[in-house]
Amino acid sequence: MKLPGGIPIIRCAPISTGWEMIRKLYDQVMNSLVVKPPAEREAAEREEMLRLATAVLMVDVARADHVFDETELESVLKLLQTNFDLTSKQAAGLVEEAETVAEDLVSVQHFTRRLHENLEEDDKARIVELLWRVAYADGRLDRYENSLVLKISDLLYVNRARVMRLKHDAAQSG
């Protein structure tokens, strides 16, 4: 069909189709945004807190002998990567944050309390194992490292016999 003067009539989609397209676009954008439900968000925050607390304790043990050398740093990075399933970049960022916190650390109780309240016995023992591995990373166990790991294990309420087995295992593997 044509209008007078030979102008063709162009059929346009009804106006509601335009609004439908906008609505579809809006829905796509909203669906693409990942908003975690509160329970998932809390679980993620809890996991992040546990990672940081563990990393701070690891850095504190590594620095207990007043030397945080490359061997100990590599050990901490590797242990964090394998035990928390982190990329090397994520582990490095976590260690950097842990070092900043550890510099101003007066007591380990804040971190051990959080770990004790949120972990099962086997998980707490696993953290003690990690701490022993860090302490032995440079090939020797300093008395300050030994004392700090024992103090942390007591604050985590890990059985002393188990702590000593973990210490022995770390010494053998180190």
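Against which helices do the buried residues of α8 pack?

Guide: The buried residues of α8 pack against α6 and α7, where packing rests on contact, meaning heavy atoms within 4.5 Å. Before going further, please note that this is a predicted model, in which local features need pLDDT of at least 70 and side-chain atom pairs count only at pLDDT 80 or more, while totals for chains, interfaces and linings use all residues. Residues are numbered from 1 along each chain as its sequence is written, and side-chain values use heavy atoms, with hydrogens and water left out.

Helix α8 covers residues 160-173; helices here are DSSP runs (H or I, at least four residues), numbered from the N terminus. With its 14 residues, α8 reaches 20 Å from its first C-alpha to its last, close to the 20 Å expected at 1.5 Å a residue, the expected span being 1.5 Å times one less than the number of residues.

At the start of α8, a side-chain oxygen of asparagine 159 comes to within 2.7 Å of the backbone nitrogen of alanine 161.

The buried residues of α8 are Val163, Leu166, Lys167 and Ala170, where buried means under 20% relative accessible area, exposed over 50%, and partly exposed in between, with a 1.4 Å probe and protein chains only. Seen down the axis of α8, these buried residues fall within an arc of 105°, so they line one face of the helix; the arc is that of the directions from the helix axis to the C-beta atoms. On the face turned away from that buried side, α8 carries the exposed residues Arg165 and Gln172.

Because arginine 162 lies in α8 and glutamate 121 in α6, the pair ties together parts that are 41 residues apart in sequence. Both partners are partly exposed, arginine 162 with a relative accessible area of 23% and glutamate 121 with one of 48%. This salt bridge belongs to a structure that holds eight of them.

Key: A salt bridge is a side-chain nitrogen of Lys or Arg within 4 Å of a carboxyl oxygen of Asp or Glu. Helices (H or I, at least four residues) and strands (E, at least two) are DSSP runs, numbered from the N terminus. A polar contact is a pair of N or O atoms within 3.5 Å; within protein, one must be able to donate a hydrogen and the other to accept it, and residues adjacent in sequence count only if both atoms are side-chain atoms.
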